[in-house]
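Please open the model in your viewer and keep the selection panel to hand.

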Protein chains: 2
Amino acid sequence: MLDPFLAEARALDAADPLAGFRDDFVITDPDTVYLDGNSLGRLPKATRETLRQAVDAWGGDLIDGWHAWLPVGREAGDVLAGVLGAEPGEVVLSDSTSVNLYKLAVAALDARPGRDVIVTDDDNFPTDRYILEGIAAARGLEVRRVGADIDEGLRTEDVEAALDDRVALVCLSHVAYRSGALADLPAVTAAAHRHGALVLWDLCHSAGAVEIGLTAADADLAVGCTYKYLNGGPGAPAFLYVRRDLQDVLVQPIRGWFGQTDQFAMGPDYRPPPTIDRFLVGTPPMLSGLAALEGARITARAGIGPVAAKARTLTDYALRLADAWLTPLGFRVATPRDPARRGSHLSLHHPAAWQLCQALKAERVVPDHRPPERLRLGFAPLYTRHTDLHTGLTRLRDIAATDRHLTFPIIPQGLT
Amino acid sequence: MLDPFLAEARALDAADPLAGFRDDFVITDPDTVYLDGNSLGRLPKATRETLRQAVDAWGGDLIDGWHAWLPVGREAGDVLAGVLGAEPGEVVLSDSTSVNLYKLAVAALDARPGRDVIVTDDDNFPTDRYILEGIAAARGLEVRRVGADIDEGLRTEDVEAALDDRVALVCLSHVAYRSGALADLPAVTAAAHRHGALVLWDLCHSAGAVEIGLTAADADLAVGCTYKYLNGGPGAPAFLYVRRDLQDVLVQPIRGWFGQTDQFAMGPDYRPPPTIDRFLVGTPPMLSGLAALEGARITARAGIGPVAAKARTLTDYALRLADAWLTPLGFRVATPRDPARRGSHLSLHHPAAWQLCQALKAERVVPDHRPPERLRLGFAPLYTRHTDLHTGLTRLRDIAATDRHLTFPIIPQGLT
């Protein structure tokens, strides 16, 4: 008899309006179940061709290639604006997420003189925490850490309780990198605004996975990467968002020539334009930037609504498999069960998570490991099928049930 | 009768020990004389293949590709160390030149508490000036600008006169972006050290063009781009150099996770390693980074000694052509005549420089324009022949002699 979960997966895939998008990606090993598209998204076929042409343009057009390359950051920004629920001219590619977080955090703090507190949460992504602590140390500010549940994420009321008129900036991840818990972006933004603070969102794990609605939420500032669900390629440039009315108010601290009015006039004084361009710094890496643009276009074409809907059916399906198969084997679901409270990945706690990850890879399922003791399974909606989840979780169940993971080395020092 | 200058060019090319390196580059239009390799270097053939393989690795290896990609910044850094006269472990690829300049300038200022002056020169590249002014404004410091001659460059004695025990940081370009004038890096460094200041060099226009000798000069800090003479491709990641004994003393301000000990342990506190890695920030753009590595390898293989020697014969030859052909037509050489005082480009002042640039491009010579009223001709030693300079300057002479440039539009507003 056919496993009813498999029958369901096949039915879900047959009804999937995004099913055709899988063909837009290079898939060299169809037997591998890739559940790490939230670390590095797959290679789009169009990007392979775009990069071939870009390399030829470098060789053939030489310096004149820049006529086509200079607008790429803005072009990608406008494509991403559609994915993020923002307006054209509010988003641009620039630097890395970390550098952008620094730029916008400092700009926001400068715009709230007299306030001396940054609010973040203790479950925030490492680079966010380190950068905020560094800025606070340099400026003599207090970092107020909201307690966030490592599995259930951040509660809006806990953020609200941390707000007062000393708070200049609230900086949080929209989707938590471990649990996949989704913060309530509109509610947190509104609460911060009531206290006169600005909010800077890290969208790395939500861009291309959930509907963000920056404009609808009157969001102030955001950053995020393009190499996860947006399929921009390894280390592709990050994006930053600044709401239009803040653009000529905020001045970012790294005053590079790409953020200068009439850049090539090379004038004596820094005069940033009143646009998103003032948040640019130096010469952007164009090969990686072109890949970011091409990748973002696919999500834009699919539409973030259908993409987010598929993320919900994928995570829901995987959760039910986990309940049925994995919980009895000592796993614990470490992601919120409410679909309105999660992104597009599932976190599973297990004391032998590291060994289970290695065993899964040996059996051609690619998960990720996040300390402490979590397997992280990412479901990139554009190319992940429900049947992939069935296959992947079947292999995980069988490994755990037969202790096959115990033959793999235990977690290395430093990753505990 | 053969033009004696052409005969000389042919003889110089025939004797050129680097002549074979031209074959390492993609040259799609052999009739074009490309004199802008100091804005964007040519595409190496090896890079075209490296990028094809990297795109395939993204598609096929997916997240596992990072095992090969993570070390690229250090690998490129070690290759570049040889080109810059530094030691392995003192150089790494990271971010853009502008971001690196910011990081190292702030780190240096933090290491000189109580001092409140930054010394730079008024001829420094725009991004350097803007960034230093921004840092100074944020910290309440004074920027002391040394007067530099726009054609002859910076005099060491003028830098020395600006030094006192208030100076925390001296930040200068090694080769001036307009004139090509070469600052005396060892002498300026020694003078700054006598006053207890640190020196941060911008090597954008000297890396891959002249012998820099960072270790020999006991240089403190440096940054530079890889997309000019180092042929790393459009916007390829920049490099930064920190002398080894300063590495565990300096803390840079953007505390990203790539600058963290045991990065993937994602620990609670920022603990930067005592190495060059602490100057990294976020996830690096790998396609552009691999191109930077491949490009740097060619200069390393050629050896910076022979490369710099060829830069001298190229600039010397071009200067003599300019004296003979162009000065009588109203041009003025705007580059130092002493070969020990210049990099690998030649600047020519002419009131109609913009129109002359456009006319040259129409006749397949690619120069650059730099306000005010300068043509900038870059001679990338790895692929530029003396006969190319003969062809290019012949066309320039003939254009100017017959006023063919006057049919081109005058300089646009904003670029004067």
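Contact here means heavy atoms within 4.5 Å. In this predicted model, select chain A together with chain B, and you will find 73 residues of chain A in contact with 73 residues of chain B. The area buried between the two chains is about 5,800 Å², with carbon and sulfur atoms giving 68% of that area. To see where chain A loses the most area to chain B, pick out W58(A), Y130(A) and M266(A), which together account for 14% of what that side buries.

Next, colour the helices of chain A: α2 (45–61), α3 (66–69), α5 (97–110), α6 (126–139) and α10 (286–302) each supply at least two residues of the side that touches chain B. Colouring that side of chain A by class instead gives 39 nonpolar, 21 polar and 13 charged residues. Across the interface of chain A and chain B the rule finds zero salt bridges, while 21 residue pairs are in polar contact, both residues being at pLDDT 80 or more.

Now move to chain B and select helix α12, residues 353–362, which is mostly covered, with eight of its 10 residues buried. Which are the buried residues of α12(B)? They are A353(B), W354(B), Q355(B), L356(B), C357(B), Q358(B), A359(B) and L360(B). Show their surroundings, and you will see these buried residues packing against β11 (365–366), β12 (368–370), β13 (374–378) and α13 (386–401) of chain B. Finally, step just past the end of α12(B) to R364(B), which takes a positive phi of about 60 degrees.

How values were computed
Residues numbered from 1 in each chain as written. Chains lettered and ligands numbered in written order. Predicted model: local features only at pLDDT ≥ 70, side-chain atom pairs only at ≥ 80, totals over all residues. Heavy atoms only, no water. Buried area = accessible area lost by both parts, 1.4 Å probe. Salt bridge = Lys/Arg side-chain N within 4 Å of Asp/Glu carboxyl O. Polar contact = N/O pair within 3.5 Å; in protein donor to acceptor, adjacent residues only side chain to side chain. Helix = DSSP H or I, 4+ residues; strand = E, 2+ residues; numbered from the N terminus. Nonpolar A, V, L, I, M, F, W, Y, C, P; charged D, E, K, R; others polar. Buried < 20%, exposed > 50% of the residue type's maximum accessible area, 1.4 Å probe, protein only.
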